[in-house]
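Visitor: Before we look closely, could you take me through this model step by step, and tell me what each term rests on?

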Amino acid sequence: MTQAKLIDGNAFSANLRDEITARVHEIRDLHHVTPGLAVVLVGEDPASQVYVRNKNKRAAECGMKSFEHVLPADTSEHHLLNLIEGLNDDPDVHGILVQLPLPRHINAQKVIETIRPDKDVDGFHPWNVGMLASGGIGMIPCTPLGSLMMLRDHLGLLTGLKAVVVGRSNIVGKPMANLLIRESCTVTIAHSQTKDLPAEIRAADIVVAAVGKPEMIRGDWIKPGATVIDVGINRVTLPDGKSKLVGDVKFAEAVQVAGAITPVPGGVGPMTIACLLRNTLTAAARLHR
Ligand code: GUN
């Protein structure tokens with residue numbers, strides 16, 4: 001049995017970041033503008049701390065300004081909204097990202113709706129959600145955008161292909177489905193209440209797994225030759241007490257069946273950050289055209 005081709009998110013994202021770095025230098029030289037990304041973290045969730053550190057590090061490597069705002073877990077909603085309003089008005093800030101999840105006493109939707117849509121580099125504001133759904137030009141959420149770039153790179157045109165998106169979150173599942181519709185795929189959104197999930201997945205040429213359940217999708221659910229994008233990043237504890245990251249797809253099985261698959265780690269994760277930088281660059285370039 002031939003093994004699936006590995007879709008290398010590290011290599012792909014490194015190329016993308018090189019292109020972004022070149023464009024950052026260009027708009028700095030032409031327009032005297034340095035794209036700036038503000039990342040806001042509320043609380044001390046260790047996984048979120050790692051993501052935020054990586055986002056800032058990568059932004060700086062691309063020549064962007066990065067502004068980190070780390071607030072205690074008991075920060076009031078009022079205080080957070082005031083901070084965002086300040087960032088909305090700050091001409092050095094072109095992109096604003098508030099790391100999710102937020103503590104339970106803060107209304108995340110209200111926070112998202114306070115971010116100026118043209119600075120909303122996550123693409124979560126209802127204006128951007130509506131733009132994606134109606135075929136307009138807005139900010140596209142980073143994980144779906146990175147996933148689509150890898151699909152296009154591997155498959156070329158996606159027209160007419162059957163795609164199943166497993167998971168219906170606002171961050172990944174729903175925007176991913178909208179992007180695939182825009183690419184003229186025939187799209188199914190499956191979720192925890194789907195009756196026969198293996199059958200839905202077996203029908204698909206493209207599988208995007210975004211459920212957050214470690215290794216839930218088995219190799220024999222996958223159509224031979226299908227392209228598998230594994231968005232899951234799940235930390236699991238091994239019998240020896242150590243831990244490792246696994247996706248939503250049982251990789252060792254799926255790699256025997258799929259035509260191509262993204263590994264975890266080293267697949268979608270690095271593309272998400274590269275797309276965040278791409279959106280920040282787009283925001284800065286739009287403002288200073
Ligand atoms: N938490 C998990 N993924 C994301 C993301 O893409 N953006 C934000 N803001 N928070 C997240």
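Guide: Let us begin with the words helix and strand: a helix is a DSSP run of at least four residues, and a strand is one of at least two. With that in hand, residues 141-286 can be described as 36% helix and 19% strand, with end C-alpha atoms 17 Å apart. Please keep in mind that this is a predicted model.

Visitor: How do you know what confidence the predictor has in the protein chain, as mean pLDDT?

Guide: The pLDDT scale runs from 0 to 100, and on it the protein chain has a mean of 97, with 99% of its residues at 70 or more. For the complex, the predictor gives an ipTM of 0.94 and a pTM of 0.97.

Visitor: What makes a residue count as being around the ligand, and which residues are they?

Guide: The test is whether the C-beta atom, placed from the backbone, lies within 6 Å of the ligand, and the residues that pass are Leu97, Val98, Gln99, Leu100, Asp122, Cys142, Thr143 and Ile171. Strand E4 (95-98) and helix H6 (142-155) are the elements that each give two or more residues to this shell. Sorted by kind, the shell holds 5 nonpolar residues, 2 polar and 1 charged; because Cys counts as nonpolar and Asp as charged, Cys142 belongs to the nonpolar group and Asp122 to the charged one.

Visitor: How is the protein chain divided into domains, and how far apart do their C-alpha centres lie?

Guide: The protein chain is divided into domain 1 (32-116) and domain 2 (141-269), whose C-alpha centres lie 28 Å apart. The shell around the ligand takes at least three residues from each of these two domains.

Visitor: Why are E1 and E6 said to stand at the edges of their sheet?

Guide: That sheet is open, and its 6 strands follow the order E1-E11-E8-E7-E5-E6 with parallel pairing. Strand E1 (5-6) and strand E6 (186-190) each have a single partner strand, so one side of each is left without a neighbour in the sheet.

Visitor: How do you know that E1 and E11 pair?

Guide: Two strands pair if DSSP finds at least two bridges between them; E1 and E11 are joined by 2 bridges and run parallel, and therefore they meet the condition. Within this pair, Lys5 stands opposite Ala260 in E11.

Visitor: What is the order of the strands in the sheet of 3 strands?

Guide: The order is E3-E2-E4, in an open sheet with parallel pairing. Strand E3 (65-71) and E4 are the edge strands, each of which pairs on one side only, and neighbouring strands are turned by 15° against each other on average, direction ignored. Strand E2 (residues 36-42) is joined to E4 by 4 bridges, and Leu37 has Gly95 in E4 as its bridge partner.

Visitor: Where are the cis peptide bonds, and what is omega there?

Guide: One joins Leu100 and Pro101, with omega about 0°, and Pro101 lies in the loop between E4 and helix H4 (108-114). Another joins Val264 and Pro265, with omega about -5°, and Pro265 lies in the loop between strand E11 (260-261) and helix H10 (268-287).

Visitor: What makes the phi of His32 worth a remark?

Guide: His32 has a positive phi, about 55°, although this residue is not a glycine. His32 is found in the loop between helix H1 (9-31) and E2.

Definitions and conventions. Residues are numbered from 1 along each chain as its sequence is written. This is a predicted model: local features need pLDDT of at least 70, side-chain atom pairs count only at pLDDT 80 or more; totals for chains, interfaces and linings use all residues. Domain bounds come from an automatic or database domain assignment. Axes are lines fitted to C-alpha atoms, for helices over the stretch in contact, and angles run from 0 to 180 degrees between N-to-C directions.
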